[in-house]
Amino acid sequence: MLQRLTAYLLIVSLVSANFTRFFIYAGFELNRNYIATKLCENRNKPQLHCNGKCYFMKKVKQAEEKQNTEDRQAQKNLFQEANYNQPAKVKFYSVLLSVTKVPNYRIHLPEQAATIFQPPQLA
């Protein structure tokens with residue numbers, strides 16, 4: 001019973017986190033008359049035919065900004081600064097490159113051209 005309840009809670013939390021825009025839209029559709037008459041910014045201008053859409057767009061924008069700030073906070077939490085208490089050991093080398101001598105052996109190719117084998121011709 002407890003496992004089922006936990007599973008349902010996790011599913012609901014995942015769905016609500018991913019579909020906040022749809023929940024805002026559902027709330028807008030259910031309360032459209034109230035929003036249009038009481039909360040709409042353009043309720044005194046009926047010629048605009050806003051019907052609460054300005055309020056809906058404002059709520060969607062607020063939800064997107066909230067989600068963006070939460071994403072930024074999550075990224076900041078992933079970033080960890082590394083502090084080292086030991087001093088860094090720096091070594092300076094006086095010789096960076098050493099020159100080594102490579103023997104110069106040349107390959108001598110034969111000067112005479114050898115005869116080239118030719119297969120027999122079929123008649």
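Visitor: How many helices and strands does the protein chain have?

Guide: The protein chain has four helices and zero strands; helices (H or I, at least four residues) and strands (E, at least two) are DSSP runs, numbered from the N terminus. This is a predicted model, where local features need pLDDT of at least 70 and side-chain atom pairs count only at pLDDT 80 or more, while totals for chains, interfaces and linings use all residues. Residues are numbered from 1 along each chain as its sequence is written, and side-chain values use heavy atoms, with hydrogens and water left out.

Visitor: What percentage of the residues count as buried?

Guide: Of the 123 residues, 7% count as buried. Buried means under 20% relative accessible area, exposed over 50%, and partly exposed in between (1.4 Å probe, protein chains only).

Visitor: Which residues make up the largest nonpolar core, then?

Guide: Five residues do: Phe 28, Ile 35, Tyr 55, Phe 56 and Val 60. Helix H4 (residues 53–78) gives the most to this core, with three residues. Such a core is a set of buried Ala, Val, Leu, Ile, Met, Phe, Trp, Tyr and Cys residues joined through side-chain atoms within 4.5 Å.

Visitor: And what is Ile 35 in contact with, leaving aside neighbours within four places in sequence?

Guide: Ile 35 is in contact with Phe 28, Cys 40, Gly 52 and Tyr 55 on that count. Contact means heavy atoms within 4.5 Å.

Visitor: Switching to backbone: what is the phi of Asn 51?

Guide: Asn 51 has a positive phi of about 55° although it is not a glycine. Asn 51 sits in the loop between helix H3 (32–39) and H4, and is partly exposed, with a relative accessible area of 46%.

Visitor: Last topic: which residues line the largest pocket?

Guide: The lining consists of Ala 17, Thr 20, Ala 63, Lys 66, Gln 67, Glu 70 and Asp 71. H4 supplies the largest share of that lining, five residues.

Key:
1 Å grid on protein atoms, 1.4 Å probe; cavity = no way out; pocket = protein on both sides within 12 Å on 5 of 7 lines; lining within 4 Å.
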